[in-house]
Amino acid sequence: MPLIPATPPGLPATPPLIAAAGDPAQLRFLEFFVARIRNPHTRRAYGRAADDFLTWCSGIGLTAIGQVQPLHVAAWVELQGRHFAAPTVKQRLAGLKHLFDWLVTGQILPANPAASVRGPVHRVKRGKTPVLEAAEARRILEAIDVSTPIGLRDRALIGLMVYSFARIGAALAMRVEDVYVQNRRLWVRLHEKGGKRHDMPCHHNLDAWLHDYMEGCALAGGALAGNRRSALFRTIARGTGRLSDRAMQQADAYAMIRRRAAAAGIDTPIGNHSFRATGITAYLKNGGTLEKAATMANHASTRTTQLYDRRPDEVTLDEVERIFV
């Protein structure tokens with residue numbers, strides 16, 4: 001009889017339909033999340049989708065995982081469309097398809113009941129991420145008090161996202177050793193999705209801000225630097241005003257960005273991704289090419305980069321003002 005380990009942190013308890021199928025099904029179910037999926041965000045999203053669907057199935061009277069049919073999956077997808085946007089519904093359906101494929105290859109199910117189900121149509125030509133004008137981004141950066149460790153850290157983090165087009169996840173995953181000198185210039189190493197390593201030379205502003213942060217907070221040497229593999233961007237220890245040894249999380253970064261935007265009088269509801277989009281748009285406005293922007297942003301296709309290009313917004317605003325009524 002297979003030994004069933006405890007449910008890993010961040011995942012729901014084994015749903016009743018899976019538990020009723022026996023130990024091999026439970027083990028295969030857990031293996032899908034811990035062995036098949038490495039990205040923690042994808043793991044959480046797929047885990048919620050699987051738990052919601054299988055709980056819903058139990059609620060309508062199904063008692064065995066083998067009873068699930070395409071009709072059930074299609075009905076659940078239809079219900080999801082009432083509560084979630086199309087991209088979220090498509091992601092949830094993708095999670096079910098991958099999970100059932102895994103159960104089929106593990107000989108738990110004879111066929112994948114989600115394989116023939118189509119998700120909602122969703123076509124994107126323009127991203128939804130709020131973008132700042134260059135002057136607004138400068139206002140936020142200039143409003144930061146850099147006489148304190150938290151100010152040095154926040155300016156360096158925001159500057160990294162603007163000037164290297166770094167995703168917040170890649171920025172917060174950086175270690176001290178990921179800032180290095182090459183050809184007499186400071187470079188940063190970003191660990192992107194899918195295990196891809198992306199190296200970028202620093203803009204002169206980012207070069208200076210990273211130097212100020214690492215030297216001002218003793219990350220370039222001394223006790224805080226310690227292990228060069230320790231986190232680059234860290235939280236502030238409570239009541240000390242100094243860096244802790246704990247890496248910042250995305251929620252910490254979001255709270256910081258909202259706080260800095262409010263202090264600078266910025267009303268745009270920006271988030272963690274906004275500075276990446278702001279940097280890409282500023283680069284393109286100043287004569288940069290879409291192909292180079294895609295390379296700098298580590299996008300596999302220029303179609304993804306185009307979602308961050310908000311230059312057409314200005315044309316639209318200019319044309320709207322021509323309507324004299």
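1. The protein has 14 helices and five strands, counted as DSSP runs and numbered from the N terminus (helices are H or I with at least four residues, strands are E with at least two). This is a predicted model, where local features need pLDDT of at least 70, side-chain atom pairs count only at pLDDT 80 or more, and totals for chains, interfaces and linings use all residues. Residues are numbered from 1 along each chain as its sequence is written, and side-chain values use heavy atoms, with hydrogens and water left out.

2. A quick overall picture: of the 325 residues, 41% count as buried (buried is under 20% relative accessible area, exposed is over 50%, partly exposed is in between, with a 1.4 Å probe and protein chains only). Take the contacts between residues at least 6 apart in sequence, and 55% of them join residues at least 24 apart (contact means heavy atoms within 4.5 Å).

3. Have a look at helix α5, residues 86-105. Its 20 residues reach 29 Å from the first C-alpha to the last, close to the 28 Å expected at 1.5 Å a residue (the expected span is 1.5 Å times one less than the number of residues). Its buried residues include Val-89, Arg-92, Leu-96, Phe-100 and Trp-102. The buried residues of α5 pack against α1 (16-19), α2 (23-36), α3 (40-59) and α4 (70-80). After α5 comes Gln-107, with a positive phi near 65°.

4. On to the aromatics. The whole structure holds nine aromatic pairs (rings of Phe, Tyr and Trp, the last by its six-membered ring, pair if their centres lie within 6.5 Å; planes under 30 degrees apart are stacked, over 60 edge-to-face, the rest tilted). In one of them, Phe-53 and Phe-100 sit edge-to-face, 6.1 Å centre to centre with 90° between the planes. Phe-53 belongs to α3 and Phe-100 to α5, so this pair ties together parts 47 residues apart in sequence. Phe-53 is buried at 0% relative accessibility, and Phe-100 is buried at 0% too. Elsewhere, Phe-29, Phe-32, Phe-33 and Trp-102 form one aromatic cluster.

5. Next, α2 and α3. They pack at about 155°, with axes 10 Å apart (axes are lines fitted to C-alpha atoms, for helices over the stretch in contact, and angles run from 0 to 180 degrees between N-to-C directions). That makes α2 roughly antiparallel to α3 (under 35 degrees is roughly parallel, over 145 roughly antiparallel, 65 to 115 roughly perpendicular, the rest oblique). Phe-29, Phe-32, Phe-33 and Val-34 of α2 meet Arg-43, Tyr-46, Gly-47, Ala-50 and Leu-54 of α3. By class this contact has seven nonpolar residues, one polar and one charged (Ala, Val, Leu, Ile, Met, Phe, Trp, Tyr, Cys and Pro are nonpolar, Asp, Glu, Lys and Arg charged, the others, Gly among them, polar).

6. Now for α7 (149-164) and α10 (250-263), which pack at about 95° with their axes 11 Å apart. These two are therefore roughly perpendicular. Among the residues making the contact are Ile-150, Arg-153, Asp-154 and Leu-157 of α7, and Met-256, Ile-257 and Arg-260 of α10. The contact of α7 with α10 has seven nonpolar, one polar and four charged residues.

7. Two loop residues are worth a look. Ala-218 has a positive phi of about 60° though it is not a glycine, and its place is the loop between α9 (204-216) and β4 (234-236). Ala-218 is partly exposed, at 31% relative accessible area. Asn-298, also not a glycine, has a positive phi near 60° and lies in the loop between α12 (290-297) and α13 (302-306). Asn-298 counts as partly exposed at 21% relative accessibility.
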